[in-house]
Amino acid sequence: MKNKRIRPTKEQWHELNGLLDEVVKIGHENEIDCDCKVCMKLMNFSKKQGLRERGIHIKNSEWFVARNKEKEIRHKKDSVKIAVLASQGLTSKQIAKKINRSPSYIYEVIDEYDIEVKKIKKGRPRKTK
């Protein structure tokens, strides 16, 4: 049975925000597994408050590996769909609407799998002499 999480008090939220500000100040906002003193303080505090359930080091955990595998599988399935729709002459925005994904995700998969997609020409057509 999963324990019910108790919401932190206002003071605890302020302390958490202060710790987050310190982490941002030193520039470690994109670090997942950082062992510096400030990041460890933030991770331990958030774990103690029940905000972080997966432990301190995530990169080598089963959860992280499973998440990456799911992402790869999803990208492979979507790349097939994108390639089929691109071969029909659709643009990336039309493909995004068709498979219900964001355009930025479509561009990411296109770059990852080198898929050729039709581009809309903007501006007036050039006159040939």
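Visitor: Where does Glu29 lie?

Guide: Glu29 is in the loop between H1 and H2. Helices are DSSP runs of type H or I with at least four residues, strands are E runs of at least two, and both are numbered from the N terminus. Please note that this is a predicted model, in which local features need pLDDT of at least 70, side-chain atom pairs count only at pLDDT 80 or more, and totals for chains, interfaces and linings use all residues. Residues are numbered from 1 along each chain as its sequence is written, and side-chain values use heavy atoms, with hydrogens and water left out.

Visitor: Why is Glu29 called partly exposed?

Guide: Buried means under 20% relative accessible area, exposed means over 50%, and partly exposed is in between (1.4 Å probe, protein chains only). Glu29 has a relative accessible area of 47%, and is therefore partly exposed. Setting aside residues up to four places away in sequence, Glu29 touches Val23 and Val24, where contact means heavy atoms within 4.5 Å.

Visitor: Is Thr91 buried or exposed, and what makes it so?

Guide: Thr91 has a relative accessible area of 8%, so it is buried. Thr91 belongs to the loop between H3 and H4. Beyond its neighbours within four places in sequence, Thr91 is in contact with Val117, Lys118 and Ile120.

Visitor: Why does Gln49 count as buried?

Guide: The relative accessibility of Gln49 is 17%, and therefore Gln49 counts as buried. Gln49 is part of helix H2, residues 37-49.

Visitor: What joins the side chains of Gln49 and Gln12?

Guide: A polar contact of 3.3 Å joins them. Such a contact is a pair of N or O atoms within 3.5 Å; within protein, one must be able to donate a hydrogen and the other to accept it, and residues adjacent in sequence count only if both atoms are side-chain atoms.

Visitor: How do you know that the length of H3 agrees with expectation?

Guide: The expected span of a helix is 1.5 Å times one less than its number of residues. For the 26 residues of H3 this gives 38 Å, and the end C-alpha atoms are 38 Å apart, so the two agree. Helix H1, residues 10-26, reaches 25 Å from its first C-alpha to its last, close to the 24 Å expected.

Visitor: Which residues of H1 are buried?

Guide: They are Leu16, Leu19 and Val23.

Visitor: Why are they said to be on the same side of H1?

Guide: They cover an arc of only 60° around the axis, and therefore lie on the same side of H1. The arc is that of the directions from the helix axis to the C-beta atoms. These buried residues of H1 pack against H2, whereas the face turned away from them carries the exposed residues Lys10, Glu11, His14 and Lys25.

Visitor: What makes a group of residues a nonpolar core?

Guide: A nonpolar core is a set of buried Ala, Val, Leu, Ile, Met, Phe, Trp, Tyr and Cys residues joined through side-chain atoms within 4.5 Å. The largest one here has 13 residues, and those with the most contacts inside it are Ile82, Ile95, Ile99, Ile106 and Val117. Helices H3, H4 and H5 each supply at least two residues of this core, and the largest share, four residues, comes from H5.
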